[in-house]
Amino acid sequence: MTGALSAEEVAARVRDLPDPELPFVTLGELGVIHRVSTAEDGRLEVGFTPTFLGCPALPAITSAIADVLAQCGHPDGRVRRLAAPAWSTDRITASGRRRLAEHGIAPPRPAGAPTPVRLGVGAPCPHCGSGATRPHSPFGPTRCQSILRCTACGEAFPYLATV
Amino acid sequence: MTEAVALLTARLGDDALVLGQRLCQWITRAPTIEEDLALSNIALDLIGHARTLFTLAGELDGTGRSEDDFAYTRSDREFGNTLLCELPNGDFAVTIARQLAYSHYAVLYYEACADTAHPELAAVAARAATEVDYHRRHADGWTVRLGLGTAQSARRMQAGLDHVWPYIAELFDEDEVVRRMEAAGAAPSPAPLRARWEERVGEVVERAGLAVPAPRWRARGGRQGLHSEAFGPLVAELQSVYRQFPGGIW
């Protein structure tokens, strides 16, 4: 297969793809790309872990990765959704967290934190920075976000709920 | 053994799909915009569980059937969901009572599967358990709010619990499929989880100032494909587009 890019080069491009629902973060920053490797039958395989089993962005992610594989000289490459290891918000990278906050979405608190903290209590407001925030609605515009309200500036904002 | 695991996996998928489809009927009808989002997000999760479980069931049973084959091409007699999951929505309190019953059961059963089941089912179950636990939190919260709210909300929440309770026993039934699976060490029986379920749900109902119902009859049949009158229209609506355009995708 002359001209085909290596697994490492493909991995870099796949990690650089924007998330379909949060296009200001990449799949790499979200931590959903688990591995890019050559399978036993010699085909290149990209394994990714969905954030939620019912995430509506999954078909878009699958086809975007398939496009990258084809462009990189791996038209027979495979995209696999992996059930294990389960994705956790702890996999979001530091730059991913920064970009979420820049776009008005409070990044998740650590998975090991006590429940109220994981649910967003005290998550700093991405608009004014105040920690005086409280849950408004546990379900938000996408499955991975809930809505908090800042009691200092009064703004409601999405929070990427810890899983 | 694999065949029994495939049957169980499809049943779990049927519960999730049918309850998810029921919850979709709340969209644009929920009491507040936040509640519309909550019920539709829960439905989205459940349908996601169903899709994953159906895909797995099709791999395990060797037929290679797709998620769409399971959802759209089977007749109502071929669905193995419990009658609880197909119960019509009723008022908001009936829906919350149904959510309370199902989500506590699903957390317990998925967690048990995550520990002991066939490895592929275990991986899906581990993930699904964390998602239904979020739904459980939603149901607990509303049960308590309605129970401690006004006289009317308490009366209707109690009526919701009374309406749903006869359908709970079926969740924990042990039939031929379950016994075969358990004997093969492929997946646990839900029967021993009933006591934990009673304890957890009882604690929420008590916190809501309501009474745990003690029904004198119980429903049975969904697991064997014998469904209630309301199920046919639900399946017909679910499959209507696919029946008009067989094989259609977008």
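I started with β1(A) and strand β2 (residues 44–48) of chain A: five bridges join them, and they run antiparallel. Strands here are DSSP runs (E, at least two residues), helices are DSSP runs too (H or I, at least four), and both are numbered from the N terminus. I looked for a facing pair and found S37(A) opposite E45(A) in β2(A).

Before going on, I noted that this is a predicted model, where local features need pLDDT of at least 70, side-chain atom pairs count only at pLDDT 80 or more, and totals for chains, interfaces and linings use all residues. Residues are numbered from 1 along each chain as its sequence is written, while chains are lettered from A and ligands numbered from 1 in the order written.

**The sheet in chain A**

I traced an open sheet of three strands, ordered β1-β2-β3 in chain A, with mixed pairing. Two strands pair if DSSP finds at least two bridges between them. The edges are β1 (33–38) and β3 (78–81) of chain A, each pairing on one side only. Neighbouring strands of this sheet are turned by 20 degrees against each other on average, direction ignored.

Next I checked what lies across the sheet strands. Helix α1 (residues 7–15) of chain A lies across β1 and β2 of chain A, at about 155 degrees to β1(A). Axes are lines fitted to C-alpha atoms, for helices over the stretch in contact, and angles run from 0 to 180 degrees between N-to-C directions.

**Chain B**

I counted 10 helices and zero strands in chain B. Its radius of gyration is 18 Å, close to the 18 Å that the globule rule gives for 250 residues, so chain B is as compact as a globular protein of that length. The radius is taken over C-alpha atoms, and the rule is 2.2 Å times the number of residues to the power 0.38. The C-alpha trace of chain B spans about 55 × 45 × 30 Å along its principal axes.

I then looked up confidence. The mean pLDDT of chain B is 95, with 99% of its residues at 70 or more. pLDDT is the predictor's confidence in each residue, from 0 to 100.

**Where the chains meet**

I found 13 residues of chain A in contact with 19 residues of chain B. Contact means C-beta atoms, placed from the backbone, within 7 Å. The chain A side that touches chain B has nine nonpolar, three polar and one charged residues. Nonpolar means Ala, Val, Leu, Ile, Met, Phe, Trp, Tyr, Cys and Pro; charged means Asp, Glu, Lys and Arg; the others, Gly among them, are polar. The predictor gives the complex an ipTM of 0.85 and a pTM of 0.92.

Definitions and conventions: Contact = placed C-beta atoms within 7 Å.
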